[in-house]
Amino acid sequence: MSEVWRPGIGIFGAVVLASKLVFATASAAAPAPCQVQLTVELTPDVPEPTDVGFLGSLLSNQVNYRLSLRHERSDSLLVLDLTGPGPGYRCRNAIETIRRDGRVLSVRVNKTPS
């Protein structure tokens, strides 16, 4: 009679092991979101540096990321929050996109990318 139970226990054990692997993979696949504060210095010729459309244009093709104004230090110096999905390398890519924009003189990361 114990011969009948062994295959059932083996199948049950395999199902439990498979579910643990799926759960561990799902947990590991959810990277921490990007939440970074930046100080961005712009060229003086930008007409409306606090305009939402302008801020969005600084991200170019980084569609899953968003820049929001924290405060304006001067006409050309803004403190911005960058938010979007992780992992960290994608967040750094979004920051590099901002740095490459011709209207940006400098970008300082106030909080490191997650």
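Trainee: In this predicted model, which residues are in contact with Asp81 once its neighbours within four places in sequence are left aside?

Mentor: Leaving those neighbours aside, Asp81 is in contact with Val36, Gln37, Arg66, Leu67, Ser68 and Arg70, and Asp81 itself is found in strand β3. Contact here requires heavy atoms within 4.5 Å.

Trainee: What makes Asp81 count as buried or exposed?

Mentor: The relative accessible area of Asp81 is 19%, and the word buried applies under 20%, so Asp81 is called buried.

Trainee: How do you know what kind of contact the side chain of Asp81 makes with the side chain of Arg70?

Mentor: The two side chains come to 3.1 Å, and a polar contact asks for a pair of N or O atoms within 3.5 Å, one able to donate a hydrogen and the other to accept it, so the pair of Asp81 and Arg70 is called a polar contact.

Trainee: Which residues have the most contacts inside the largest nonpolar core?

Mentor: They are Leu38, Leu67 and Leu82, in a core of 21 residues. The elements that give two or more residues to this core are β1, α2, β3, α3 and β4, and the largest share, 5 residues, comes from β1. Leu67, leaving aside its neighbours within four places in sequence, is in contact with Leu38, Leu55, Leu58, Leu59, Leu80, Asp81, Leu82 and Ile98. As background, nonpolar side chains tend to be buried together in soluble globular proteins.

Trainee: What makes the pair Cys34 and Cys91 a disulfide?

Mentor: Their sulfur atoms are 1.9 Å apart, and the cut-off for a disulfide is a pair of cysteine sulfur atoms within 2.5 Å, so the pair Cys34 and Cys91 is called a disulfide. The structure holds 1 disulfide.

Trainee: Why can this pair be said to tie together parts that are apart in sequence?

Mentor: Cys34 lies in strand β1 and Cys91 in helix α3, residues 88–100, so the pair ties together parts that are 57 residues apart in sequence. Cys34 and Cys91 are also both buried.

Trainee: What kind of peptide bond joins Gly86 and Pro87, cis or trans?

Mentor: The bond between Gly86 and Pro87 is cis, with omega of about 0 degrees, and Pro87 lies in the loop between β3 and α3. In general, most peptide bonds are trans, and most residues other than glycine have a negative phi.

Trainee: How do you know whether Thr43 is buried or exposed?

Mentor: Thr43 has a relative accessible area of 15%, and under 20% means buried, so Thr43 is called buried. Its place is in the loop between β1 and α2, and, leaving aside its neighbours within four places in sequence, Thr43 is in contact with Gly102, Arg103 and Leu105.

Trainee: How many helices and strands are there in the protein?

Mentor: There are 3 helices and 4 strands, and from the N terminus on the elements run α-β-α-β-β-α-β. Of the 114 residues of the protein, 29% count as buried.

Methods. Residues are numbered from 1 along each chain as its sequence is written. This is a predicted model: local features need pLDDT of at least 70, side-chain atom pairs count only at pLDDT 80 or more; totals for chains, interfaces and linings use all residues. Side-chain values use heavy atoms; hydrogens and water are left out. Buried means under 20% relative accessible area, exposed over 50%, partly exposed in between (1.4 Å probe, protein chains only). A nonpolar core is a set of buried Ala, Val, Leu, Ile, Met, Phe, Trp, Tyr and Cys residues joined through side-chain atoms within 4.5 Å.
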